[in-house]
Amino acid sequence: MSRLAFGRSALVLGGLLLGLAGVELIARVVRPAGHADLLFDAPDASPRDLYVIDPELVLVPRAGFSDTIRSQGYTVPLAFDGDGVRIVPGGPDAPSQPRWAAVGDSFTLAVQVAAEQTFSHQLGVATGRTFLNLGVDGYSTWQASRRAARIDRTRDTDGVLLTFFLGNDLQDNERFPHVLQTVAGREAGTPIPRPTVSRWTSLLLRHSALYAHTRVWSRAQSIRSGADPARERWRGELAIFSAEGRSTLQHLIPATREALAEVRRSVRSRGDSLLVALAPPAFVIHPERLASTFEVVGLDPSLATPDAPRDAVLRELERLGIRTCDLTPALRTAAEAGDALYFTYDGHWTAAGHAVVAAALRACVAEENP
């Protein structure tokens, strides 16, 4: 190639790269669709060896795991001790303090924020207690209860804080017996199989806002066309927040009633305390996300009843005599003040969201010991 031709090629390539960089910058300031947290699928960026099979709990964190979680909006170190408790740097379990098991799903584990920013750690600092972070992605109430009982045998806990995610725990409670069968006969400690994500895709997932916009748009087209098999699952989960899913919500309640009754029985048998926190999904707190989230799966936003699942679970908790901390009012108040409480491309709490949740829980804990 002649020097002139090489120079022209370099100019063209440089222009393309400069243009791409400009588009990337624009993508970083353009607000994505309200359903971005649903369709981006942030877990694709998670380490493949984070979880292993457990015959009783389906999956648990790999003992001694340590890595960094990277996705759109966060880069967070994550580590677990030998019991699968999330490690807080500089914050060892203090034997002299009352010790509680903080159990639940990904809202408890909270890989999106540093360990010291999680509501469980902040609540411990505020109340003088130790809250062991035992959250696991995708856990149902059944699994959370069994995990709390297991940790009590090694750490002798005094109480259980169960975070109930209204977005899908009702469905997870009904599905748990079937999910448990998927690990029957499999060797404990075997890594949970996950789809392979290419290194290039992983890099884009973590760093490119342009890719994030494109990924969400493409997934939305696939879902609207009916080509994406996740559409029916998401529609089923979201329908209970709509008048269209009233009968579905009623159908799901018995499994959750049984799961909550089991938590109460297990905790009482150990002489421990129990507090259940109700955690709403992002579109309940940030209503600007609701319409597009419903529309993308074929639900009518005008029929939305965003508090229906919360009210149904509250009734069951009241009937069972379980102390409850409803997080929705505090989160709504903070959102109305302009706080960004949930990540844009990940439907979990930001550091600001965890601070609001910790303050709300502190007030509920104070009511226990006025």
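Two strands are taken to pair if DSSP finds at least two bridges between them. Strands (E, at least two residues) and helices (H or I, at least four residues) are DSSP runs, numbered from the N terminus. The model is predicted, so that local features need pLDDT of at least 70 and side-chain atom pairs count only at pLDDT 80 or more, whereas totals for chains, interfaces and linings use all residues. Residues are numbered from 1 along each chain as its sequence is written, and side-chain values use heavy atoms, with hydrogens and water left out.

The protein chain contains 15 helices and nine strands. Of its 370 residues, 50% count as buried, where buried means under 20% relative accessible area, exposed means over 50%, and partly exposed lies in between (1.4 Å probe, protein chains only). Contact is defined as heavy atoms within 4.5 Å. Among contacts in the protein chain with a separation of 6 or more, 77% come from residues 24 or more positions apart.

Two hairpins were identified. In one, strand β1 (residues 51-54) is joined to strand β2 (residues 58-61) through three residues. The two strands run antiparallel and are joined by four bridges, and Asp54 has Val58 in β2 as its bridge partner. Tyr51 and Ile53 point one way from β1, Val52 and Asp54 point the other way, and all are buried. Thr68 has Pro77 in β4 as its bridge partner. Two residues lie between β3 and β4, and Gly73 in the turn has a positive phi of about 100°.

Because five of its five residues are buried, β5 is largely enclosed by the rest of the structure. In a regular strand the side chains alternate between the two faces of the sheet. In β5, Arg99, Ala101 and Val103 point one way, while Trp100 and Ala102 point the other way. The strand pairs with β6 (residues 130-133) in the parallel sense over four bridges, with Thr130 in β6 as the bridge partner of Arg99. A parallel pairing over four bridges also links β5 to β7, where Val103 stands opposite Leu162.

Helix α13 (residues 308-320) has 13 residues and reaches 19 Å from its first C-alpha to its last. This is close to the expected 18 Å, the expected span being 1.5 Å times one less than the number of residues. Its buried residues are Pro309, Arg310, Ala312, Val313, Glu316, Leu317 and Leu320. They lie on the same side of α13 because they cover an arc of only 165° around the axis, the arc being that of the directions from the helix axis to the C-beta atoms. Glu318 and Arg319, on the other side of α13, are exposed. The cover over the buried residues of α13 includes β7 (159-165), α6 (169-181), α10 (246-269), β8 (273-279), β9 and α14 (328-336). Gly321, which follows α13, has a positive phi near 70°.

In helix α14, the buried residues are Thr328, Leu331, Ala334 and Ala335. Their arc around the axis is only 135°, which puts them on the same side of α14. Thr333 and Glu336 are exposed on the other side of α14. The residue Gly338 follows α14 and has a positive phi, near 100°.

A nonpolar core is a set of buried Ala, Val, Leu, Ile, Met, Phe, Trp, Tyr and Cys residues joined through side-chain atoms within 4.5 Å. The largest such core has 105 residues, of which Leu161, Leu327, Leu331, Trp349 and Leu361 touch the most other members. Apart from neighbours within four places in sequence, Leu361 is in contact with Phe119, Leu123, Leu161, Leu275, Ala277, Cys325 and Leu327.

The structure holds one disulfide, a term applied to a pair of cysteine sulfur atoms within 2.5 Å. The disulfide is formed by Cys325 and Cys364, whose sulfur atoms are 2.1 Å apart. This pair links distant parts of the chain, with Cys325 in strand β9 (residues 324-326) and Cys364 in helix α15 (residues 351-368), 39 residues apart. The torsion about the S-S bond is about 75°, so the disulfide is right-handed. Cys325 is buried at a relative accessible area of 1%, and Cys364 also counts as buried, at 11% relative accessibility.
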